[in-house]
Amino acid sequence: MADLCAEVGHRLSPATKTQIFDVRRRLGEPLRVAIAGRLKAGKSTLVNALIGRRVAPTEVGECTRIVTQFRYGTSDRVDVVRRNGTRSSLPLDESGMIPQRLGVPRSEVAYVDVTLTSDHLRDLTVVDTPGLSSANTAVSAQARRFLFTEAPIDDDLDDDSTGALSGAEAIIYVFTQSVREDDVQALESFRSISARLSSNPINSIGLFNKVDKLASVAGGDPWPVAIPLADSQTTVLRRVVSGVVPVVGLLAETTEAGRLTAADCEALRQLAGLPDVERTILLASVDLFVNRECPVGADARQRLLRLLDLYGISFAIAQLIARPNLAAGELMRLLFQASGFPRLRQTLDHAFRWRTDAIKAGWALSGLEKIASHAERPYDRELLRDAIERVLQQPEYHRLRLLEVAQLVTTGAVGLPDRMEGELTRLALSNDAAWILSLPSAPRDQLVRAALEAATRWRAYAVAGASPAQSRVALVAHRGFFLLSQRVRAN
Ligand SMILES: Nc1nc2c(ncn2[C@@H]2O[C@H](COP(=O)(O)OP(=O)(O)OP(=O)(O)O)[C@@H](O)[C@H]2O)c(=O)[nH]1
Ligand SMILES: [Mg+2]
């Protein structure tokens, strides 16, 4: 895609050329993931957990009402980008967060561009968005525009900012409790902007946040309820996200950003040492925890609530009772485990990081199609359409198709026998012929033969006995194995 942009770019009229070169530049940048969801779903909390620093304000403050982009840079910097394209830089405030006051009237702010030295951002740019169904419809409209169509900015904005905002390539959709109809709609419309990817959930995952809130109904441990709930959400959303991961964003933020101090741990230890009955009463509700007489000071308790909430506190105390000598570092590790974040990181690797190239290529292709349909000069339109056609014919593009169909199968949208599903998934996710064909130490000839046999098998399946949907999947797999045989032979 990058080569194609470079090749046709110079032959286009200046305006179209600028757009094409923008697409090309974006291809070389980290994957841009937007965090979207309802008001107060915990989006900014998750952004902080992902970055590994508490930089985004959570709860109150003006920043959470504005689109904020976090990307890797060699120094920490906050740039407020105005609607007219001018920028003003601010330092982070004394607690290392985006300042509450941006020094620019909110109505003039297009977005906030934050660069951080965080390693977590080296291959992921994160975009925090204001709540989608906010009562303030202007904010909501701005978030929608950012996510779903074009930048929420004026036409005369500089190229840099326009490029920075022309939509996200992938999305993490955060929700709490059950999914609602307009959640599904919001996701559908995000994905329909990239027409190439719209038939499958290749570029989005769902996050079922605040599962700790289930603890009280689930007898203390939310996970036995959260996991099946997340699975059923996955079924509801299977056409829009590749999966739903349950998390406790708050615990992830607190542990990833290293917010629990020695004093906090000491307070937890003291609570663990209280008589059973007293402790049980304290932990029965937020009200009791804050207001009851207790040897641990009220401020310290308030702070623990903000950092861990009741479930996190109860969990930590249970660990300290079971192992009184537990070191603070070990307690942090256990809390991190309890946040569900390790699984989220793994899912992000599977869903986004390893597929960045494919997602980016798909994004660029739909971008080119959009530019082609809007180009003023007929010559530009022709040239671009022609170039797009050529890309679609290429074997490399076939990888995108494979990812699409593998996703349809793994999400259950199209059913296949288990063995075929496994074979297709391996083909979509790997370049290693020996692994795909389950022939670890086979010589090249044998791999070529096996790949051709697989191609024949898939074609036979496509022709005989398969449903139309299965047949379409099988034809893509057929071509995939044929291309694999050619690749092995050429090696
Ligand atoms: N108990 C609990 N609270 C959470 C969790 N995640 C976030 N919160 C709290 O929920 C509140 C809202 O979190 P934010 O991260 O500001 O939510 P947001 O979606 O960014 O909110 P807006 O930007 O205003 O739409 C904060 O008080 C968080 O501490 C969680 O997993 N469990
Ligand atoms: Mg927020």
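**Note on the predicted model**

1. Of the contacts in the protein chain between residues at least 6 apart in sequence, 70% join residues at least 24 apart. The structure under discussion is a predicted model.

2. As to its make-up, the protein chain contains 21 helices and 9 strands. It has 491 residues, and buried residues account for 43% of them.

3. Helix α2 covers residues 14–27, a run of 14 residues. From the first C-alpha of α2 to the last, the helix reaches 20 Å, which is close to the 20 Å expected at 1.5 Å a residue. The buried residues in α2 are Thr16, Gln19, Ile20, Val23 and Arg26. Viewed down the axis of α2, these buried residues fall within an arc of 120°, and they therefore line one face of the helix.

4. Val80 counts as buried because it has 22 C-beta neighbours inside 10 Å, where 20 or more are required.

5. The surroundings of Val80 can be described residue by residue. Once neighbours within four places in sequence are left aside, Val80 is in contact with Arg87, Ser88, Leu90, Leu102, Val104, Val109 and Val112.

Definitions and conventions: Residues are numbered from 1 along each chain as its sequence is written. Chains are lettered from A and ligands numbered from 1 in the order in which they are written. This is a predicted model: local features need pLDDT of at least 70, side-chain atom pairs count only at pLDDT 80 or more; totals for chains, interfaces and linings use all residues. Helices (H or I, at least four residues) and strands (E, at least two) are DSSP runs, numbered from the N terminus. A residue is buried if 20 or more other C-beta atoms lie within 10 Å of its own, exposed if 12 or fewer, and partly exposed in between; C-beta atoms are placed from the backbone. Two residues are in contact if their C-beta atoms, placed from the backbone, lie within 7 Å. The expected span of a helix is 1.5 Å times one less than its number of residues. The arc is that of the directions from the helix axis to the C-beta atoms.
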